[in-house]
Amino acid sequence: MTFDEIYRRARTQWESQYTGEIPHVLIGTATCGRAAGSMAVLEAFKHEIEGKNTRAQVSEVGCMGLCSYEPLVIIIKPGDFSVCYHHVTPQVVPQLVQGYLLGDDACLELALGTVAGGGGEAVYIPELERFNQETRLLLSQCGYNSPLQIDHYIACGGYRSLSKVLKMKPADIVRIIERSGLRGRGGAGYPTAAKWQFCSKAKGKQKYIICNADEGDPGAFMDRVLLESNPQAVLEGMAIAAYTVGAHEGFIYIREEYPLAIERLRLALVQAEAKGLLGENILDSGFDFSIEIVRGAGAFVSGEETAMMAALEGRRSWPEYRPPYPVESGLHGSPTLVNNVKTLAYIPQIIEQGDRWFRETGTKQSPGTALFALAGKLNNTGLVEVPMGTTLETLIYGIGGGIRGDKKFKGVQIGGPSGGCLPESLLNTPVDFDSLKEAGAIIGSGGVIVMDEDNCLVDTAKFFIDFSQRESCGKCTHCRIGTWQMLDILENITTGKASVADLDLLKDLAEDVKSGSLCSLGKMAPNPVLTTLRYYKDEYQAHVLEKRCPARVCKELTAYYILPEKCERGCDHCVLACPVEAIFSDDKGLKVVDQAKCTRCGSCELVCPVEYNAVVRLSPVNLVPPDRRTRPETTSKEL
Amino acid sequence: MTLRGAQPGGNLPGETLSRILIEERRHTRHLVDILQDIQAAEGYLSRDALLKVSEFLDVPASAVWGVATFYNQFRFSPLGRHPVRVCMGTACHLAGGRLVLEAMSRELEIEIDSTGEDEEFSLERVACIGCCALAPVLTVGADVYPRMTPPKVEEILVTIKPAGASKNKEKRK
């Protein structure tokens, strides 16, 4: 079958579902949707439609990136608005089916907005302000077209680029990518075309392509969303890259912790092979390319390209010295091209729309878009795609909707354990590869975690070092022992045992680990510590000099205290909730926390009724009045 | 070879093992894949299974052990019937995941990263499970519990296993 025939069939199929006579229900069932309960909503829709006089179809789709609104449902109705509903539960499904699917009531009280775009154009919800600030290239069809149906991808322009490049010279393809200025989205921002060029020129009978889907940064999930929502784009990108460099075998190295992404990728592979878009003699061009999915086994360091190749060879995932670079001598000693999921997913669009089109978005040095996972203390969390060069302020206050509650912004951690923490004064920093690096952070994996006044930056730095220390593969001494020692010092700071000299030692050690490690895991592990030392020195000093945790997070420096003037004598909530019986009543029946027994679990603060709001955290601990610190001898005897 | 820390075990039927150790996988590059399949079938990697893999691939048991212990995914003792995993990703940490983990350990009376003596529950800390918008999150088996707090820990344990849960509460009474 020629590509035009494949396209025509797919388009007919797609149009019947999206623009035809039959209503179509789309339910977001990516991992985040499922966690919010979308599978029960899917069942409820199927059950509700059964036996009704409608031919309405129900499809599972991926994720639109609107995490805080999950579960999401879109109802496409012939001749009427397509409406997106948020926080859908099985209980409201009958109302939606009776109201909008069968009737004329759009159930506006449950709606998030209407849905516009689709069919190749980026899908958006005009009623949501955030879409004005986003430019969706990679997420264009996510949460709208079904990742379970290859026809949806083909009908909206998919695999056209592959059919086009199979008639082109590899050098011409490299030139398009070069002119587009595409930089690798794995974090480092290395020019993609240069890698392709080296690999295509490298001598070797056998060459390999590896798609790096080992997204290990805790707090980043862009690759997962892409693979769960639009896996075909990644497969097509891989096929184009393979043709360009002359590889016939490809691997997708994906985290085992992403079972749904693996499942959807497997299905996507089978469907692409069945259509002759992967496998032997692709589209009668004589070009063969097959892809194997390899599950990672839970090691952060495997995301480093040489460590990943060691894992693929069945060895311990240890990074190697470079050069030789993988493009010359990689997997099994053969030239190997390693690209990130997002990088590969851009390729079909750049080929299709041209390098100039790609350069219309973003900055001169960093063209295109950036994908971020917004999490932390924000009103709107989720996945966003913005032009490179958008400021942090727009990201946090525009799209993210600002800080949750009446809290004050404190810092934003970008790039996960390898990134840095930036303060309010740097919110006008544009997010692109070079500006962020200058500020001490990196785009890295793209995790953006926003912290408010209730978060302790020293504790956060400790969290990241703890992560890097656990994940250090052990090859380089500086990383293996240095991160361990850094953690030790941070532990002392957060428990009030450190001295001022320790702060200098910490900084020196951080610099040493940076320069003494082979791979990026070690080289970048000190970044969270270095940036917090640079921008939040006062917070470190409060811990060390005053034994005070300004955010009242560090347990050893914080005490739970019940304000007697607010406590209600008839109420026993905190006493019942305390797991260690640390709370007792004084002679007036007001509650007191026995500081010697308290484990600082925070249960009393959570259960204290809002009308009293009597439990507070105090730091330093000596703020607790001396007469309300422990249970007096006599009281305990009376009890 | 003792493979210190690996439990003997032998729950894995020979036919299951021979379905995993097929001829086209007789190459060290399939080692991780083989171990993953064995763990999926057996629930953990037993000493017996590891030795069979070493024999099958014709590599020293120490090499198999070295690879198996390198990766976080592999376990060498079985999980509980209700495996509890508390997410310790960044978003969950900032939202108080540590307190949830400690509450779970206290309520179940088992150490973090271990299985209870009755093998009813096991408790693990895991890196990000990608539900950052719902932080802090924990999972019991396949069920995800969003926006956890220490008091909520007690509530969900009651629904999972009414008889054995909340040992602390009874003691307090």
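**Note on the predicted model of chains A and B**

1. R295(A), R25(B), D33(B) and D37(B) are joined in a network of salt bridges, a salt bridge being a side-chain nitrogen of Lys or Arg within 4 Å of a carboxyl oxygen of Asp or Glu. Side chains of opposite charge can pair when their charged atoms come close.

2. This is a predicted model, in which local features need pLDDT of at least 70 and side-chain atom pairs count only at pLDDT 80 or more, while totals for chains, interfaces and linings use all residues. Residues are numbered from 1 along each chain as its sequence is written, chains are lettered from A and ligands numbered from 1 in the order in which they are written, and side-chain values use heavy atoms, with hydrogens and water left out.

3. The size of an interface is often given as the accessible area lost when the parts come together. Here chain A and chain B bury about 3,800 Å² between them, 56% of it on carbon and sulfur atoms; buried area is the accessible area (1.4 Å probe) that two parts lose on being put together, summed over both. In chain A, the residues that lose the most area to chain B are R295(A), A297(A) and F463(A), together 16% of what that side buries. The contact (heavy atoms within 4.5 Å) takes 57 residues from chain A and 38 residues from chain B.

4. Between chain A and chain B there are 4 salt bridges. The interface also has 14 residue pairs in polar contact, both residues at pLDDT 80 or more. A polar contact is a pair of N or O atoms within 3.5 Å; within protein, one must be able to donate a hydrogen and the other to accept it, and residues adjacent in sequence count only if both atoms are side-chain atoms.

5. Several elements of chain A each supply at least two residues of the side that touches chain B, among them β10 (290–295) and α18 (457–471). Helices (H or I, at least four residues) and strands (E, at least two) are DSSP runs, numbered from the N terminus. The element that gives the most to this side is α18(A), with 8 residues.

6. Over all chains, the whole structure holds 37 salt bridges. One of them joins the side chains of E60(A) and R264(A) (3.4 Å, N to O). Because E60(A) lies in strand β2 (residues 57–61) and R264(A) in helix α12 (residues 259–274) of chain A, the pair ties together parts that are 204 residues apart in sequence. R264(A) is buried, at 2% relative accessible area; buried means under 20%, exposed over 50%, and partly exposed in between (1.4 Å probe, protein chains only).

7. Another salt bridge links R224(A) and E228(A) (3.0 Å, N to O). Both residues lie in helix α10 (residues 222–229) of chain A, 4 residues apart, about one turn of the helix. R224(A) counts as buried at 1% relative accessibility, and E228(A) counts as buried at 0%.

8. In chain B, S122(B) lies in strand β3 (residues 121–126) and is buried, with 1% relative accessibility. A polar atom of the S122(B) side chain lies 3.1 Å from the backbone nitrogen of G80(B). Neighbours within four places in sequence aside, the residues in contact with S122(B) include L79(B), G80(B), H82(B) and I110(B).
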